[in-house]
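Biologist: I have a model open on my screen and would like to learn how to read it. Can you walk me through it feature by feature?

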Amino acid sequence: MLEKASHDSLFRPLEKGRLKKEEIRRPGVSQAKESFRRVLKNKLAVTGAIILLLILFFAIFGPRMVPYSYSDQSLASGNLSPDGKHWFGTDDLGRDMWARTWYGARISLTIGVAAALIDLVVGLLVGGISGYMAGRGKLGDRIDNGLMRIVEILYSIPYLLVVILLLVVMKPGLWTIVIALSITGWVSMARVVRGQILQIKQQEFVAAAQKLGTPHGAIILKHLFPNMLGIIIVNLTFTIPNAIFAEAFLSFIGLGVQAPIASWGTMANDALGVILSGQWWRLFFPGFMISLTMFAFNVFGDGLQDALDPHQAKD
Amino acid sequence: MKFILKRLLTMLLTIWVITTLTFVIMHTIPGDPFSSDSDVLPEEVLNNMRAKFNLDKPLPFQYLLYLKNLASFDLGPSIESETRNVNTLIAEGLPVSALLGFQALVIALVFGLILGIIASLFHNRTIDYAAMTIAILGISVPSFILAPLMIKVFAVQWGMLPVASWGTWKHTILPSVALAAGPLAIIARFTRSSMLEVLKQNYMKTADAKGLGAAGIVVKHGIRNAIIPVVSFMGPLVAHLLTGTFVIEKIFAIPGLGKYFVDSIFNRDYPVILGTTIFFSVVLIVTLFLIDLSYRLIDPRIKLSSRGD
């Protein structure tokens, strides 16, 4: 028997009838709210998010802050280093680098987000169907196998080859790049989604829902989808920078958006010839912006991953 | 054995799909290798040239002929270069690109692993933060930004290394490092997080308890278990190095394979486009296959299965 006296000070018997039985007394915290709170606590994730918001802000308002457009040429004021008039300097055609840099941000962000969204939708559909049908009779397995064969083949084609070939067939431009990037890009999302579904499908609550006669649609929407959301969002934060990177890369080898449209990749490519003659600002600003965006997305994604992963919550 | 056979069949199928796709896409592009010469040369000459490369034959015939030659590893003539065929182009460019890629791979693996392991052993200490800062910088700065910066600093300002071009071993240093930086950072991060996971395991405590020294624990029990995620990254890594060489070879004016590939697209040099595409795909596919095989060597618990998951 425990000593009674030592516990009296800590515990007191509950008066009967003071509390209702099984009453929920604390406000419920939804998973989303809890995750959001954890993201806010993660300094790196917040830093990344703030940088991204700043880049977004300047992408929208930056070009309007100066009286030059991204395509205005003026040979008289070519190759100027940054000063009070041209904050980021000018290029060899006298185009204002500030306007071009932020206009390029629009192009890069649009391509990144659009390509990532297409990847998401196609990847969810293919991965979802594949994962859900697996183990559901002969037909189900066949569908799963067929889809996974396609994914496997696409996965082992170097994406750049497909992209380059497509860019040659279609007219170079913003949407061509988006399409070219998504044609191979959805594969990794599909793999992730399928893996997740296979895993979640095995769990008791799905089996319970099935036994209770919940229709397929409801199981997918209410049980499978919410449980994958974290991983999908994290995957998105890595897909977007990859697409931005790929665009910069394509523009850099001359297959990206065409002049006079600026993107960070084309600007860096243009600067390559003059880097040795000391015009550092030509490479620095687009290069710095690409790096900063990559950094912000990666840091934000990492933070998000930690925050959404319940196993790591206590670390 | 059954697994290996099945995989080999899938690989052949993949290569066939790639060949067919490339062939179809290539021929839907308006124009042909000679359409840019049409104002310089008379039509009869152009038609003769087309006939020489079988371009006047119906497409299905050209396609079957190509497949037939491909089966005997003959990638056909180059239209642009009169003296060399695609096989010789690859034979000339490959050693250059392969050396570059191999050096980058070694740099990325060695330094990535070291950085990741050190970071994990000093978890949440200054060394860890420093290593991870380097890693995240490596991921953030694209190779085509890093390379010009390195040229500027090491070649122009300090004059330690040649600016560009190819020849001596000194020429290979800057391009290899520029190519390796991104993969190095990713490997370091993978290694760190999987080492952290492994260090928590009970068998690590057992190894410690039975008196195995710190080095022994890390090498024998730690790295071997932590390396699986790193190995599975090797596939994307090789793909990354392949595509990375395009840009690096352009920046450093290196006569490798990537240059031929990009040039061939702009020249509509059909056999070179097909040949280099197939070659790159084969390299990637074979790498993916070898990686799958190596899992088993590293971790005998992993069973080979033909399913893709």
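**Reading the model**

Modeller: Let's start in chain A: α8(A) is followed by A:G213, whose phi is positive, near 85°. This is a predicted model, where local features need pLDDT of at least 70, side-chain atom pairs count only at pLDDT 80 or more, and totals for chains, interfaces and linings use all residues. Residues are numbered from 1 along each chain as its sequence is written, while chains are lettered from A and ligands numbered from 1 in the order in which they are written.

Biologist: What is the helix content of chain A, and how many strands are there?

Modeller: Helices (H or I, at least four residues) and strands (E, at least two) are DSSP runs, numbered from the N terminus. Chain A has eleven helices and zero strands.

Biologist: How much of chain A is buried?

Modeller: A residue is buried if 20 or more other C-beta atoms lie within 10 Å of its own, exposed if 12 or fewer, and partly exposed in between, with C-beta atoms placed from the backbone. Of the 315 residues in chain A, 41% are buried.

Biologist: Which residues of α11(B) are buried?

Modeller: They are B:L257, B:G258, B:Y260, B:F261, B:S264 and B:I265. These lie on the same side of α11(B), because they cover an arc of only 165° around the axis. That arc is the one made by the directions from the helix axis to the C-beta atoms.

Biologist: How many residues of chain B are in contact with chain A?

Modeller: Two residues are in contact if their C-beta atoms, placed from the backbone, lie within 7 Å. By that rule, 36 residues of chain B are in contact with 31 residues of chain A. On the side of chain B that touches chain A, the largest share, eight residues, comes from α1(B). The residues on that side divide into 24 nonpolar, nine polar and three charged. Here Ala, Val, Leu, Ile, Met, Phe, Trp, Tyr, Cys and Pro count as nonpolar, Asp, Glu, Lys and Arg as charged, and the others, Gly among them, as polar.

Biologist: Which residues of chain B does UniProt annotate as "transmembrane region"?

Modeller: UniProt positions are given in the numbering used here, feature names are shortened, and annotations may be inferred rather than shown by experiment. The unreviewed UniProt entry puts that annotation on residues 7-29, 102-122, 129-151, 171-190, 230-252 and 272-295 of chain B. Residues 102-122 of chain B are 95% helix and 0% strand, with end C-alpha atoms 30 Å apart. For residues 272-295 of chain B, the span is 100% helix and 0% strand, and the end C-alpha atoms lie 35 Å apart.
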